[in-house]
Amino acid sequence: MRRRWGGRWPPLTLLALAASLGAVAATARAVPVPLPSVVLQVTLEPPFPTPVTGGENEGALLRIPTVSDQRVTVRVDEEGDPFSVRVRQRLVVRRTGDYSFVIGAPVDDVLATPESESEPGLRRGAILWAGFSAGRKVLSADVVLRPREAARVLPLRIDVDRMGDGVRVRLRNATRVSLRTIGGNARPLDAARALDAVRRQGARPLASGVILDFRGAPVATLRTIAAPLHVRGTLEFPPGALAGADVRGGVKQGESVAVDALLGDETPLVHDVLVSGTDAIPKLRVVATPEPPVRALEPPGGRSWADYVRGRKISGRALVARAVAARLAFARARQYQTLLSDPDPLGPRSATYRFITGERPPRATPQQPASVGAGAAWLPFVLVPLGLAVAAGLVVLWAHS
Amino acid sequence: MSAPALTQTRSALADAFGDARRGWARWHSAAAVAVAVVAAAPAFAPDWFHVDGVAAAFYQALAATGLMLAVGLGGMPSLGQGAFMAFGAFGTGLLTARAGWPLLAALVVGVVAAAAAGAVTAVGVVRLRPVFIAVTTWILTWLVVIFLLAFPSISGGAQGIVVPRLFSPTTHYELALALLVLTMLGAASVKRSPVGLELRAASAKPAAAAALGVAASRRRLGAFVASAAIGGLAGALAVDLAGVADASDYGPFRSFELFVAVVIGGAASALGPAVGVAALALVSAGGGVLADLEGVQAVRFEPMFAALLLLTVLGLGGIGVVPAVRRVLARANARPERRTRGSTAPLRPVDGTPHLEARGLEKRFGNVVAAEDVAVDVAGGEICALIGPNGSGKTTVLRMLAGTVTPDAGAIELDGAALDAAPQRERALRGLVRTLQSTSSLAGLTALENVMVGAGLRRRHGGSIRTLVASPRARAEDAAVREAAFGRLEEVGLTRAADTPVENLAGPDQRLVALAAALATRPRVLLLDEPSAGSSVEDVERLRELLGRMRGAGVGVLLVEHNLRLVRAVADRVVVMAAGRVIARGSPAEIAADEDVRAAYLGRAAL
Amino acid sequence: MRVRALLAIVVSALALAGCGGDGKPESGGTLTIAVDAPFSRSPYIGRTIAEGAELAVAELNAQGGVVLGRKVYRLKVVRRDNELSPRRALANVRRAIDDGAVAILDDGTGVDAAWEDAERAGVPICITFGGGTGLVDEEERPNVFRVAPTDRGISYRLAEYLVPKGLKLGLIHDDTSYGEKGGEALDKAFQLNPEAVVDRLTVSAGSTDLSPEILRARRAGATGLVVWGDGATIAAAIIAARSAGWDVPIYAPPAAEDPIVRQQLADRPEWLDGLTVATGRMTAELGPTFFHVFQAKYQAAYGIPRIGVRTRSGKEVIALPDYAMYSYDCVNVLAAALRSAGGPGDKLVAALEQVSVRGSNGDERGFNEHNHEGVIDDDVFFAKFTDMRLRPVRDDPLSRSLPVLQQTQ
């Protein structure tokens, strides 16, 4: 039977057309996009940039397999402001052959540690290492940095203030940065799988990377990220100062307050320790360690994100954002694992930042020039007559000889 | 200060200035101007005038001038001045660099160390003959540099000892120039002084000088020590200028270079060493030019040119540049010498009556009996002649009496006091003086200076220090000695020859000068050994007259002679020796008639 | 009207372009580099130092000189003989300063005495031969630098190389300054392994017969000898050992490269085989091309440095210009520092710590505030004589990475 629909498409046809169009549309908008690399240099610093001096940078062009570990010791005053920054940088070169590289830093001085198998060189704004490695060579040095320039790159800011009848120690993750990165939408399951891949690969720079099929082209978006910082330590008070004091944000342990906080991994970037009932300023002994994001990648109650999204209505866009943010957090944490650069951008690295309260050294007063000859002015008045008298005596002696 | 002291001081100063003004010659003014110009040179010198290089040359000249005291005045050819410079340099350098001493104190120690080293060396070498002095000091130089190189902990090894510099090069320049000028003036003063005369006398004829009572060993030791001390001073200051004490710098070549400079410039002249250093500097500059032309290192030419220059000077007589120039100038102003005619002026009489007695004198040389049981006596105012054939022992007896030979047995008394162990100088001081068999005049000195050596025996104010400062007493004594010496020359009739170098006089006149020098010592007994040898009849006659005047003055004379005519004419008594024994005594007539004497000695000759 | 205006504009523009100079720097004169070396007492050392410097200077001048600000300067080398005397060396340095030298290349003689005068004048001294400890101290002597293997580096590498072999070593050094300092360096290097040393001996330099000393070492139980002295001493030690039938391995510092060693053993080349030399490497990991280029330039300028001996197959053996390379590199570092500083004086001394150049062997050559040594200790390698030529050893990681260099004509 032939029926005329009066110009209208039959419903099934419409449906089939829509489905095929949808399929076509869906197929056409799946854009595979690599998520940001964990070795991405999110900001210019850290590490401190390497000056261009010529040939030493040749090492940077050829990767020198190196393991890097840095122990940063920051001395702060009673208010938490840094006045001394030293880094013990330990590099283990793992190759047979020459090595020659420059490490840029606002360096005042550098001294090899006893375990170092070579001596570092020092130039304006740079540390030099050069030599031959027979397969494994330890290069270790204590680096004294100019505190003002080094302090602005530290991952943790500490502020110690008197508040009311107590003291507040504010620990702030200073690694936060806003940057333009990719955003977009993807199928929730694809995004979940990407998240699982991010979680699996962690901070390994040599891993294959994570590619996510975006729905449509990725868009530029402004995102704020930070490197998670694990801050642990103690605030040491003078004896008796904590008697009757109330502590929040920490645990009173005798004469000190223990602190253990994770800043920036789905947690606030600021942690305050409030001690009321005392006006004593504590001495800080706090260690901050950049760590990879864990909580941000923990699937809620599940083994994996893929499991989590099944059967749930989850925004693919949000999952994409989480995956991108996590990768950037890895990269950001990795940045802070080298305050001083090392010649192997892909090699294993670690860093800790130790903050210790100390006595700020007194400012050196300019030496007053010694008043030259103030006591010698009378000398000619004594020596000349004496000399004349001696001469006269000699003449008389001569005359009688 | 008391008024008399003030008066004396004023008077002494006036005398001194007066003497200086009188003695000031035109060339002194020229020299003063030259020194002033050289001193001012750094202020206006061009770029190629390297102040530090010239200052180093001044220090080299200072060391060479010091060496002149030993070589020129003392007659000791020392090849060890480099070693003494090393003592000064390293003594000072070690104290300033390692112990932080102030320079002045370290300098004193360095100079004292050099002087001490010089004293130790001098004790060993002053009595040696010149060739052995040269060898010994040459070995010393080698030993010092080998020691320094063997102990780098002391010498600093190849890097030397870095010495903190106290003075700027310009200060060193002025200091070195001042020290050099003062040292040259001092050397010239010493040369003219009694010390210098004695040194020159001992250098010219040690035996003759000793016979006049000159303490030659003591004087030479003093000259050697002074030479070493000046070398040490030069070395110490040069090290401060250089900034580093380098052991290889004081090796044998440095000593040789200094010796060559002294010889080239003139060993007997105070100015000579400085001229010698300048000559060597010219040689070095010439060597540099040649080296540049040849494209080799200059250091290869310097020793060769220095040696050639030395050979040239030696070949031309060896007196050096300065004395040669002076000689030429002197010849230009020379007046012809006339023979003197003798004098009849009486001699100064002797105090008291001297008496010399010798008994049982014996001397053997191996198996040869030079003298056996010889007895001799001479009274004041008496001439006793001792005659005998050659080899009879006459000169040996004379030497035993004078103290140059120690008798194996016997006794000698002068004026009743034993002389057995007394050295020559003491015998001379007590009035027993001898003249030598050969011509005993002192070459290199004028006739007056020869006699002044004798007259200087009894000086009390003739030491080095007084001479250097020209003390009033030294100058007064000098004038008195000069006058006394002139008087002695007048006694022998040689006043016109006073300023003539004695070697320019005829032989008999030279013997007369020697006699005058002996008389200047104010002898009580004179021992004359063949004074008429080689004389003409006229000269013998002059001698006879002189001997007569000696007798008239109360001087005892023991005359050893072969001239029997003279003996007969002057002798009061004659002692005859043969084969070491006295075979006859008596008056000339008795001896002439003695058959034994005739047989042993006179033969067909008649006394 | 419009055409006229346009023409006026064009003409004005052309005129303006013609003004303001041609941009070429004007001539500033000549900068002098003094070479203070023992030309008369050690001609080989003096000559090679001077030739390396002169080669670098000729190249720089050929490239137009050194531009400082708006002026271009030519460089000049002046030779001064120090006769191995520190006093003469000090006098040479003073003279060089008076004559306006901007830098001094030195063999090491007299540096202890001369550095202060140079420092006051803002003149850097670059040592290109002597490796003695104490000559270079960046704290005490900020104007003294060195481009040459150090005694410390050589001796520590020797210890590092020899101790694992289990040898019982006799350490022999002569009484020259070079030998004394080398002996001290060896003592320090072997301090941690005293059991490796069975005897220490000092011999007289210039002594032609070292049989007693060699015998004494043999009796002490030595199974290896390290001979630190000048070339003649090394040759004498080899002759004494081999003529006694003792086939002991012998190790020596760079002085073993002195032609005199091969000349003295020309009649017995088999005795020389096996002598192992510790010296600064002449090539880099980048390859031997840089060295070959330098060698070609050096030979073109100064001829082929024949040693006067031949291999067993009759080929003439030539010397490797290692010490010339050091002075060559010194001059190039100086030139780079001059450009960085803008001129001579204290700023030049400071700039020397901040620049690097590509050395003649391909390595980076430069100094820094903590180290005024241009040849790092790691750059010492070992080479063994085989048929009058040096071959890097295979049992040392650095040495086996180096190529064999052409040493015959």
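Two residues are in contact if their C-beta atoms, placed from the backbone, lie within 7 Å. Keep that in mind as you look at this predicted model, where such contacts link domains inside chain B, domains inside chain C, and chain B with chain C.

**Inside chain B**
- Chain B splits into domain 1, covering 48–251, and domain 2, covering 355–602.
- The C-alpha centres of domain 1 of chain B and domain 2 of chain B are 40 Å apart.
- Where the two meet, 22 residues of domain 1 of chain B are in contact with 28 residues of domain 2 of chain B.
- On the domain 1 side of this contact in chain B, the elements that give two or more residues are helix H8 (169–192), helix H9 (194–204) and helix H10 (206–211).
- H9(B) gives the most to that side, with seven residues.
- Sorted by class, the domain 1 side in chain B holds 14 nonpolar, five polar and three charged residues.

**Inside chain C**
- Here domain 1 of chain C is made of 26–150 + 323–377, while domain 2 of chain C is made of 152–282 + 309–320 + 380–400.
- Taken over C-alpha atoms, the centres of these two domains of chain C are separated by 30 Å.
- Ten residues of domain 1 of chain C are in contact with 14 residues of domain 2 of chain C.
- The domain 1 side of that contact in chain C has four nonpolar, five polar and one charged residues.

**Between chains B and C**
- Chain B brings 16 residues to the contact, and chain C brings 15 residues.
- The chain B side that touches chain C consists of six nonpolar, six polar and four charged residues.

Note on methods: Residues are numbered from 1 along each chain as its sequence is written. Chains are lettered from A and ligands numbered from 1 in the order in which they are written. This is a predicted model: local features need pLDDT of at least 70, side-chain atom pairs count only at pLDDT 80 or more; totals for chains, interfaces and linings use all residues. Ala, Val, Leu, Ile, Met, Phe, Trp, Tyr, Cys and Pro count as nonpolar, Asp, Glu, Lys and Arg as charged, and the others, Gly among them, as polar. Domain bounds come from an automatic or database domain assignment. Helices (H or I, at least four residues) and strands (E, at least two) are DSSP runs, numbered from the N terminus.
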